[in-house]
Amino acid sequence: MRTTVPTTLSTLALLVSLSAPGLAVEYYVDQAHPQADDANPGTEEQPWLSIQHGADTAVAGDTVFVKAGSYVERVRLQNPGEADSLIRFVATPRRSVLMHGFTIDGGDYVSIESFDITRSDLFTEWDETQGFFVRASHDPIVDNNIHEQPSSANTGYWHHPLPVDVHVANNTNYSVQAGIMVQGSEW
C-alpha cells in the first residue's frame, strides 16, 4: 500500500492537535451515577464522584459540570485559568448541587456558577466558615445560593497579595453573618 506524504502529514497534524495542551475539555461530576468514580475519565457516561477531583484536574479553558445532589465537600481550588480561558465550575441544573463552599487559594481566573452552598460542622478551619473564601483574583462568583454560614457569604483574603477583580453577582445570601466582605480592589 502506498501512502502519500500529504496524507501522512494530515494524519500527524490531526493527532498532534487532539493531544495538544490548552484544548478546552468538558468534565462531569455525578455522585448519583452508579459507576461514578474519580478514576473515571470524567465524561458524562463515566463521571467523577467528587467535585474536588474536578478542581485538582481542570486547567485553563476546562468546564466541570456538577450534576444534582448533596455533596459533603468543601472544595479547594488552586489551579489557575487564564484571562481568556477561565476554568468553570457549573452546577447543573441551576442551584441543584448542595455543597459546603469553595476556598479559592491561588486559582485565578476561575468561575463558579449556580451552586447551593450551606454550612457543615465538618469544616471548621478559619477559611472554611464562609461560602466563598477568595485568595485569588479575576474570579467570577455568580448565581449561587449561599446560606446558614457562621461567617460571611463571600470573603476576600485580608493580607497581601489582596484579591483583585473578583466579580460577585446575582447570588442569594441569607442566614449569614455578613454578605460580602471585600478586601482588595476592583471588586
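User: How much space lies in the largest cavity?

Analyst: Rolling a probe the size of a water molecule over the atoms shows where empty space is left. On a 1 Å grid over the protein atoms alone, a cavity is a set of points where a 1.4 Å probe fits but cannot get out, with points joined across faces, edges and corners and the volume being the space filled by probe spheres set on them. Here the largest cavity holds about 30 Å³ of space, and the count comes to one cavity of 30 Å³ or more.

User: Which residues line the largest cavity?

Analyst: Lining residues have an atom within 4 Å of a point, and in this case they are Ala55, Ala58, Leu77, Asn79, Ile87, Phe89 and Val110.

User: How far can I rely on the model, and how are residues numbered?

Analyst: This is a predicted model, in which local features need pLDDT of at least 70, side-chain atom pairs count only at pLDDT 80 or more, and totals for chains, interfaces and linings use all residues. Residues are numbered from 1 along each chain as its sequence is written, and side-chain values use heavy atoms, with hydrogens and water left out. The pLDDT, the predictor's confidence in each residue from 0 to 100, has a mean of 86 for the protein, and 88% of its residues reach 70 or more. Over residues 1–20, however, the pLDDT is below 50, and this stretch has three contacts (heavy atoms within 4.5 Å) beyond near neighbours in sequence.

Key: 1 Å grid on protein atoms, 1.4 Å probe; cavity = no way out; pocket = protein on both sides within 12 Å on 5 of 7 lines; lining within 4 Å.
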